[in-house]
Amino acid sequence: MNRQTQASLQAYHSFRCPSITEEEVSIRSEDDLMEAYRLGLFNEPWIVLGHGTNTLFLPRVSERVFLMQFEGFEHEILNDDQIHVTVGAGVEWDDLVEWSISQGYGGIEAMIRIPGTCGAAPVQNIGAYGQELDHVLHGVRAFDTQKGVFHDFTPDECGFSYRDSLFKRPEGRHWIITSISLRLHGASYQIRPTYPSLVASLNEAGISNPTLKDVGQHVAAIRASKLPNPSSQPNAGSFFKNPVLRGDQASRFMAQFPEVPWFELEVGMSIPGVETEDDGTQDASSHAIKVPAGWLIEHVGLKGEWNGRVGVWPKQALVLYHQGEATGVDILELASRIQDKVRQTFGVELEQEVRVYGVE
Ligand code: EPU
């Protein structure tokens, strides 16, 4: 365990805005966590950080920041179809994806290039291009900072939903994830991409029976064409969640704004029992629908907006970015302007996906 007071957080979040915390603590093992517990380091407000790819720090952070640097990687072939993998919280998520593709193990190939650590992956139940972590997650090992004990969570205990889990909600914030286990698929895995832009990209290349490698390559290319590079344009990926509308709210919205595209809650999967139109849409009046926040932002005229310090990415309006000169306060100002305009125009509340800490 390594402790440093008045430490800079600039290198520890992908927005890279200037920020100072009271104390930074590096954690490399379960013993480090026990020691921190015995020293009472969890008795004052704290935050745990992977690679900070979904976090925005404002200039002054009073919380103690724990940097998770757990390594570790094990796998076991259970049978032809099931591969059990356990990885330390500090392992880079994309390294795991690259490894699974190279081994021919399916289940996470479309989640290639999602930045961040494996330990952060369950917190917001990461997902992309029709795959979501909870489809393959088998267990999460975590440390209870209130009781000083470890617990192995089953997927059900993690309380997953779209971009959410127990670990993200207030009642689960006292847990620190130390490793995750996945069940990947072996030889009999059926690769059937359903996400529209991925299917289109594979079709264009004339690929009708894609391999894991094809899926990985195409998703990586789509991401590179749509998302800014964090090393030159610091950002945290999607700044907002796609709003989920249910029942009456969904029907009212669809009647009032028939031009707005929408998706069933689980992108790429159809709602059972509901007829699908030729254009792929369904009548979701009695279901939950997800509306692309990027579309809403684009249609209030803010896509590509640049105020001199912070902007809305011109190729994907869900992403806010800067050129290295903005503070967290500048970014939040733009975010609330976007939220106000979307609320006024569409009556929809955009919820932040990014976690924000600190004060001006
Ligand atoms: N759209 C627009 N304008 C935009 C952006 C999107 O009109 O500027 C509309 C289009 O109709 C498009 C639809 O939104 O067809 C969906 O867009 P896209 O496929 O780019 O996906 P998304 O809903 O904007 C989500 C995730 C991304 C993930 C992609 C692909 C959330 C909050 N974001 O974005 O995740 O990569 O799907 O699966 O769910 C991230 O979390 O950091 C992230 C990048």
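The structure is a predicted model, in which local features need pLDDT of at least 70 and side-chain atom pairs count only at pLDDT 80 or more, while totals for chains, interfaces and linings use all residues. Residues are numbered from 1 along each chain as its sequence is written, and side-chain values use heavy atoms, with hydrogens and water left out.

The domain assignment divides the chain into domain 1 (2-68), domain 2 (73-185) and domain 3 (235-357); such bounds come from an automatic or database domain assignment. Between the C-alpha centres of domain 2 and domain 3 there are 26 Å. At their interface, 6 residues of domain 2 are in contact with 7 residues of domain 3, where contact means heavy atoms within 4.5 Å. The size of an interface is often given as the accessible area lost when the parts come together. For domain 2 and domain 3 this buried area is about 670 Å², with carbon and sulfur atoms giving 47% of it; the value is the accessible area (1.4 Å probe) that two parts lose on being put together, summed over both. Of the area that domain 2 buries against domain 3, 65% is supplied by Tyr162, Arg163 and Lys168, more than by any other three residues.

The interface of domain 2 and domain 3 also has 1 salt bridge, defined as a side-chain nitrogen of Lys or Arg within 4 Å of a carboxyl oxygen of Asp or Glu. The rule for polar contacts finds 2 residue pairs across this interface, both residues at pLDDT 80 or more. A polar contact is a pair of N or O atoms within 3.5 Å; within protein, one must be able to donate a hydrogen and the other to accept it, and residues adjacent in sequence count only if both atoms are side-chain atoms. By class, the side of domain 2 that touches domain 3 consists of 1 nonpolar, 3 polar and 2 charged residues. Here Ala, Val, Leu, Ile, Met, Phe, Trp, Tyr, Cys and Pro count as nonpolar, Asp, Glu, Lys and Arg as charged, and the others, Gly among them, as polar.

Glu353 is buried, with a relative accessible area of 5%, where buried means under 20% relative accessible area, exposed over 50%, and partly exposed in between (1.4 Å probe, protein chains only). The side chains of Glu353 and Arg163 form a salt bridge, at 3.2 Å from N to O. Leaving aside residues up to four places away in sequence, Glu353 touches Asn54, Gln124, Arg163, Lys168, Ser238, Phe239, Phe240 and Lys241.

Lys168 is also touched by Arg173, as are Trp46 and Phe167, again not counting residues up to four places away in sequence. Arg173 lies in the loop between β11 (149-153) and β12 and is partly exposed at 47% relative accessibility. A polar atom of the Arg173 side chain lies 2.9 Å from the backbone oxygen of Lys168.

In total, the structure holds 16 salt bridges. One of them joins Arg3 and Glu23, whose closest N and O atoms are 2.6 Å apart. This pair links distant parts of the chain, with Arg3 in strand β1 (residues 2-8) and Glu23 in strand β2 (residues 20-27), 20 residues apart. Arg3 is partly exposed at 41%, whereas Glu23 is buried at 7%. A further salt bridge pairs Arg337 with Glu305 (2.9 Å, N to O). Arg337 belongs to helix α7 (residues 328-346) and Glu305 to the loop between α6 (293-299) and β17 (310-312), so the pair ties together parts that are 32 residues apart in sequence.

Helix α2 (residues 93-103) has Trp93, Asp94, Leu96, Val97, Trp99, Ser100 and Ile101 as buried residues. The buried residues of α2 pack against β6 (73-79), β7 (82-88), β12 (175-185) and α4 (212-226). Just after α2, Gly104 has a positive phi of about 80°.

Methods: Helix = DSSP H or I, 4+ residues; strand = E, 2+ residues; numbered from the N terminus.
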